[in-house]
Amino acid sequence: MSRFSWLESRPQGLFVRPGDFFLDPLRPVPRAVISHAHTDHARPGHDEVIATPETCALLEARFGHGAFGRLRPLPLGARITLGEVRLWLAPAGHVLGSAQIVLEYQGTRVVWSGDFKRRPDPTCTAFAPVRCDLWITEATFGLPVFRHPPAEDEIAKLVRAQTDNPERAIVVGVYALGKCQRLIALLRAAGYDRPIYLHGALLPLCALYEQLGVRLGPCLPATVGERGQARRELAGAIVLAPPSALADRWIRRLPDPLIALASGWMRVKQRAKQRGVELPLVISDHADWDELLATCSEVAAEEVWITHGREEALSYALAQRGIAARSLALLGYEDESG
Ligand SMILES: [Zn+2]
Ligand SMILES: [Zn+2]
């Protein structure tokens, strides 16, 4: 019998039996602990949700007030006991509010990574490794081809494109939660202080980030009227939009749009080409291959379970390092953020 048989893979998600709760469940359950507010990890309909205060605020904003029976905010590092399990949250560095879920039971410590990254991100608390016996990790970019360049270099490319194209709107596809605000913060850190224009779908979460204390500087709605006045204003401007809007009628109103997309997937040239991306920006909110391996060693777990992503390559690489790995194959965690 495995040391970890108190964790059960069920259709709803991973069930922590001695604590009677699920981790990032995919279907409604009585009690859920949620790592972060991306919709592949956070689903509506649970009776009770435990998450960081920021994630609770984001969940309410995304799903509405009545989507959960009760939201129970648990600050990073605060310990609670559920049944026989001690539970606390550690920062995951992925998006605002994102957390690793730490479980302690009968002298064994298990950490559920959620999605995580190791690079600095001015919009959220940095990832903190927690030593554990079992590390349950994502592997979105679990192939050696995925090595993310420094985000600063990608931002420099974006600013150069803006300077070189004063007649064009530079439109960057970004996911609404996390990538959008990180891109703005990275531009600000690079000294870009002009207004940044936002597609309407990005406005509510940016406002909420500001409310939660993340400074984004001057941002304006990218409203493009038929009369073309705003159109002139958007020539030479940086405009952020959800990736779906890049193929939408909306973009045709912008002056000669230069299309960029910020995602770890932009490492794959074919993907950029398929989506008509002129300026691929390899900016990811996930660990890359080297960081996945380094983190597995750093947490010093004797066993690693992989929830989603490219588990074969990572399992193999871990086995070579003497770490037992297996795929948990929880279907349904699709990368939302790249
Ligand atoms: Zn995520
Ligand atoms: Zn995910």
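**View 1. Overall burial and dimensions of the protein chain.** Of the 338 residues in the protein chain, 47% are buried, where buried means that 20 or more other C-beta atoms, placed from the backbone, lie within 10 Å of the residue's own. This is a predicted model, in which local features need pLDDT of at least 70, side-chain atom pairs count only at pLDDT 80 or more, and totals for chains, interfaces and linings use all residues. Residues are numbered from 1 along each chain as its sequence is written, while chains are lettered from A and ligands numbered from 1 in the order in which they are written. The protein chain holds 8 helices and 19 strands, which are DSSP runs numbered from the N terminus (helices: H or I, at least four residues; strands: E, at least two). With a radius of gyration of 21 Å, close to the 20 Å given by the globule rule for 338 residues, the protein chain is as compact as a globular protein of that length; the radius is taken over C-alpha atoms, and the rule is 2.2 Å times the number of residues to the power 0.38. Along the principal axes, the C-alpha atoms fill a box of roughly 70 × 45 × 30 Å.

View 2. Domain 1 covers 7–145 + 286–327 and domain 2 covers 151–281, with bounds that come from an automatic or database domain assignment. Their centres, taken over C-alpha atoms, are separated by 30 Å. The contact takes 16 residues from domain 1 and 15 residues from domain 2; two residues count as in contact if their C-beta atoms, placed from the backbone, lie within 7 Å. On the side of domain 1 that touches domain 2, the residues divide into 9 nonpolar, 4 polar and 3 charged. Here Ala, Val, Leu, Ile, Met, Phe, Trp, Tyr, Cys and Pro count as nonpolar, Asp, Glu, Lys and Arg as charged, and the others, Gly among them, as polar.

**View 3. Helix H1 and its cover.** Helix H1 spans residues 53–63, and its buried residues are Glu-54, Thr-55, Cys-56, Ala-57, Leu-58 and Leu-59. Their cover includes strand E5 (48–51), strand E6 (70–73) and helix H4 (203–211). After H1 comes Gly-64, with a positive phi near 90°.

**View 4. Strand E16 and its parallel partners.** In strand E16 (residues 258–262), 5 of the 5 residues are buried, so the strand is largely enclosed by the rest of the structure. Leu-258, Ala-260 and Ala-262 are buried on one side, and Ile-259 and Leu-261 on the other. Strand E12 (residues 170–173) runs parallel to E16, joined by 4 bridges, with Gly-173 having Leu-261 as its bridge partner in E16. E16 and strand E17 (residues 279–281) are also parallel, joined by 3 bridges; here Ala-262 stands opposite Leu-281 in E17.

Terms used:
Buried ≥ 20, exposed ≤ 12 C-beta atoms within 10 Å, placed from the backbone. Pairing = 2+ DSSP bridges.
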